[in-house]
Amino acid sequence: MLHNNQPEKNYKQRFTVSSHQGMYFINTEDIAFFEADEGIVFAIDTFGKKHLLSESTLKDIESLLDPSVFFRINRSELIQKHHVVRIERYNKNAVAIQMKGYKSHLITSQANTSAFRRWIEE
């Protein structure tokens, strides 16, 4: 069957990380979440280790990833569904998310909380 004449989108399978010792790769499936901090984007793996990425914005990264697997919970964090360990109520309009290998909770923005709740149950 022709899937509505639309080609299947190929999502990014791994990211290149530059370090002072050279370049290495991190597989997308091993990334718990992406974090933007003062114009720098990091991939945080399932062990809680930060990897500096060459991509400059979360929006750039978001466009490369499968939206059924990755979700932008707020302005600075993009999480992977497979590594969500626990969700707790944070306040009336936000939830706190515990990610695999990461001690701190990530907080959804009030604007994204209802969409996040729908997405996490898909």
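**From Asn74 to the sheets**

Beyond its neighbours within four places in sequence, Asn74 is in contact with Ile107, Ser109 and Asn112. The model is predicted. Asn74 sits in strand β6, residues 70-74. Is Asn74 buried or exposed? Its relative accessibility is 13%. The cut-off for buried is under 20%, so Asn74 counts as buried.

The side chain of Asn74 has polar partners on the backbone. One of its polar atoms lies 2.8 Å from the backbone nitrogen of Glu77. For the backbone oxygen of Ile107, the distance to a polar atom of this side chain is 2.7 Å.

Now step out to the sheet. It is open and has 5 strands, in the order β5-β4-β3-β7-β6, with antiparallel pairing. Strands β5 (50-52) and β6 form the edges, each pairing on one side only. On average, neighbouring strands of this sheet are turned by 25° against each other, direction ignored.

Look inside the sheet next. Strand β3 (residues 31-37) runs antiparallel to strand β7 (residues 77-80), and 3 bridges join them. Phe33 has Ile79 in β7 as its bridge partner.

A helix comes into view here. Helix α2, residues 113-120, lies across β6 and β7. It runs at about 155° to β6.

One more strand pair remains to visit. Strands β8 (residues 84-91) and β9 (residues 94-99) pair in the antiparallel sense over 6 bridges. Val84 has its bridge partner in β9, namely Met99. How many residues does the hairpin from β8 to β9 pass through? The hairpin joins the two strands through 2 residues.

Conventions:
Residues numbered from 1 in each chain as written. Predicted model: local features only at pLDDT ≥ 70, side-chain atom pairs only at ≥ 80, totals over all residues. Heavy atoms only, no water. Helix = DSSP H or I, 4+ residues; strand = E, 2+ residues; numbered from the N terminus. Buried < 20%, exposed > 50% of the residue type's maximum accessible area, 1.4 Å probe, protein only. Polar contact = N/O pair within 3.5 Å; in protein donor to acceptor, adjacent residues only side chain to side chain. Contact = heavy atoms within 4.5 Å. Pairing = 2+ DSSP bridges. Axes fitted to C-alpha atoms, helices over the stretch in contact; angles between N-to-C directions.
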